[in-house]
Number of protein chains: 2
Amino acid sequence: MTLPVKRPIFFVSDRTGITAEMLGNSLLSQFEGVQFINRILPFTDTPERVDLALQEIAKAKEVHGVRPIVFSSLANPLLGDQLQTADALCIDFFQMFIGPLGYELGISPNHIVGRSHGGGTTQHAYISRIEAINFTLEHDDGCTTRNLEKAQVILVGVSRCGKTPTALYLAMQFGIRAANFPLTPDDFERKKLPDSLKKHQHKLFGLSIDPYRLHRIRNERKPDSHYASVENCNYELREARLMMQHHAIPWIDSTDKSIEEIATTVIDTVKLERHMF
Amino acid sequence: MTLPVKRPIFFVSDRTGITAEMLGNSLLSQFEGVQFINRILPFTDTPERVDLALQEIAKAKEVHGVRPIVFSSLANPLLGDQLQTADALCIDFFQMFIGPLGYELGISPNHIVGRSHGGGTTQHAYISRIEAINFTLEHDDGCTTRNLEKAQVILVGVSRCGKTPTALYLAMQFGIRAANFPLTPDDFERKKLPDSLKKHQHKLFGLSIDPYRLHRIRNERKPDSHYASVENCNYELREARLMMQHHAIPWIDSTDKSIEEIATTVIDTVKLERHMF
């Protein structure tokens, strides 16, 4: 038997499809040697839209000569049943678990669509999330030391080591006020932490990175500069690590980690409360 | 039978637990009248760590007098089996579907942990994601019109209507280069789109918002100002909508939507390619 080279994958959701896509991709990453062709169908929340999905699924089967795989997340059981009529392997992350959960809790599900992102749509939750993002933007790269006492965590590390994306992810996904502050050659010469950080030492978390990766990232910005050179990257990273060790600042090497993994490690280490949006 | 008021919920993952938490929360939101107490245990990737999880689960049962519910996502089937020994309702999002998927694909899973966020950890994917975030930060709030031709989408709307968080989410979650540009009273008086946007009209997407919500958001920034007044919010939003209609710019009202929903709608409407990180 020869494996078909390309397998069509559908993600069908009555909302954004983000959760279904994340879990589906995570499952598919366990299987090597197959090329997956992804198609995402968000906001599939009426019989008509499910019908359109069914047509696309049937067409993909015809084109690729192999049954598609359909990951879905539909709160309405009637739409779930309708989608199951597809000639495909249908995996619904929702219907599968609602039954056992209702039995365990002793109550019936409300089948209401649109709660996928927790409190993300209530006015209070929306505003507190936006406030965390604004705080993080205002305290990016040491922009201001004002209100630093309101930060829940302050990321430190050399320029371009991943502080900004991590801080933004902490704010966006978890509503955490995450400032970030660069460690620079000036600090290394003085062999001292920036003054404004000293009284916040318990909130500091350090990021490090492989010098060659840093070199590549910096080189995109300032090609062939001293700043981007491997020697300078090596020097700055070494000095930053010494400084973090000296001040007992917890730190990790971000090189082989996704932004999600770095952010989760920060939350876990600094013992921040984790609210998911 | 009286329902227990508080039900302990565990999310156990060998990686970040973000996907498990999202799906679990989404499922639990279908059940009203129960208060859930969430505990997240990321990086549970050894028998010792599963054992610690089992101890916490047993303790929660004792404290709350009711079986906990455990949502898990473990790539290693041995760890999955170990966790299943908990006296709890155990729902593993991973093990449940790996079997049917392997059968359908005709290959065995590799059981390798750590692929949960797609290509997020490869050097190329990491750098292109960071580049999208940097582009979006550099093109926040009309900061610069340089390289606007490289934007995949340009969000427009009045100040504080949600452009920045949406643009950042597009960059962070989907690697999309999303600029954003304010529509201001100056533009409304001139009754013209900002000049720098004209040649990019096909990439524009508008955001609107309820005037009272906007008033509340602006009032946090500049209390009791003309800028934040309900009258002015009403005026700016009306003018912005007229301008968007006049230039046939697609737009949505973001008031009752989460950032995820707004971002998904943008992708869907502008027909952007969606890569999940």
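Reader: What rules out a bond from the sulfur of B:C161 to the closest cysteine sulfur, in B:C233?

Author: The sulfur of B:C161 is 11 Å from the one in B:C233, whereas a disulfide is a pair of cysteine sulfur atoms within 2.5 Å, so the two are too far apart for a bond. This is a predicted model, in which local features need pLDDT of at least 70 and side-chain atom pairs count only at pLDDT 80 or more, while totals for chains, interfaces and linings use all residues. Residues are numbered from 1 along each chain as its sequence is written, chains are lettered from A and ligands numbered from 1 in the order in which they are written, and side-chain values use heavy atoms, with hydrogens and water left out.

Reader: How many disulfides does a search of the whole structure find, and which cysteine sulfur is nearest to that of A:C143?

Author: The search finds 0 disulfides over all chains. A:C143 is in none, and the nearest cysteine sulfur, that of B:C143, is 11 Å away.

Reader: Why is B:C161 called buried, and why is A:C143 called exposed?

Author: Buried means under 20% relative accessible area, exposed over 50%, and partly exposed in between, with a 1.4 Å probe and protein chains only. B:C161 has 0% relative accessibility and therefore counts as buried, while A:C143 has 58% and therefore counts as exposed.

Reader: What relates chain B to chain A?

Author: A rotation of 180° with 0.0 Å of shift along its axis superposes chain B on chain A with an RMSD of 0.0 Å, so the two copies are related as by a two-fold rotation axis. The superposition is by least squares on the C-alpha atoms of residues with pLDDT of at least 70 in both copies. Of the residues of chain B, B:T19 comes closest to the rotation axis, its C-alpha lying at 3.2 Å.

Reader: How do you know through which surface the copies meet?

Author: Contact means heavy atoms within 4.5 Å, and the contact takes 88 residues from chain B and 88 residues from chain A. Because 100% of the interface residues of chain B are also interface residues in chain A, the copies meet through the same surface. The area buried between the two chains is about 8800 Å², with carbon and sulfur atoms giving 64% of it; buried area is the accessible area (1.4 Å probe) that two parts lose on being put together, summed over both. In chain B, the residues that lose the most area to chain A are B:Q30, B:F31 and B:Y126, together 9% of what that side buries.

Reader: How do you know whether the span of helix α2 of chain A agrees with what its residues should give?

Author: Helices (H or I, at least four residues) and strands (E, at least two) are DSSP runs, numbered from the N terminus, and the expected span of a helix is 1.5 Å times one less than its number of residues. The 18 residues of α2(A), residues 47-64, should therefore span 26 Å, and the end C-alpha atoms are 26 Å apart, which agrees.

Reader: What are the buried residues of α2(A), and what puts them on the same side?

Author: The buried residues of α2(A) are A:V50, A:A53, A:L54, A:I57 and A:A60. They cover an arc of only 125° around the axis, which puts them on the same side of the helix, the arc being that of the directions from the helix axis to the C-beta atoms. These buried residues pack against β1 (6-13), β2 (35-41), β3 (69-73) and α3 (77-84) of chain A, whereas A:E48, A:L52, A:K59, A:E62 and A:V63, on the other side, are exposed.
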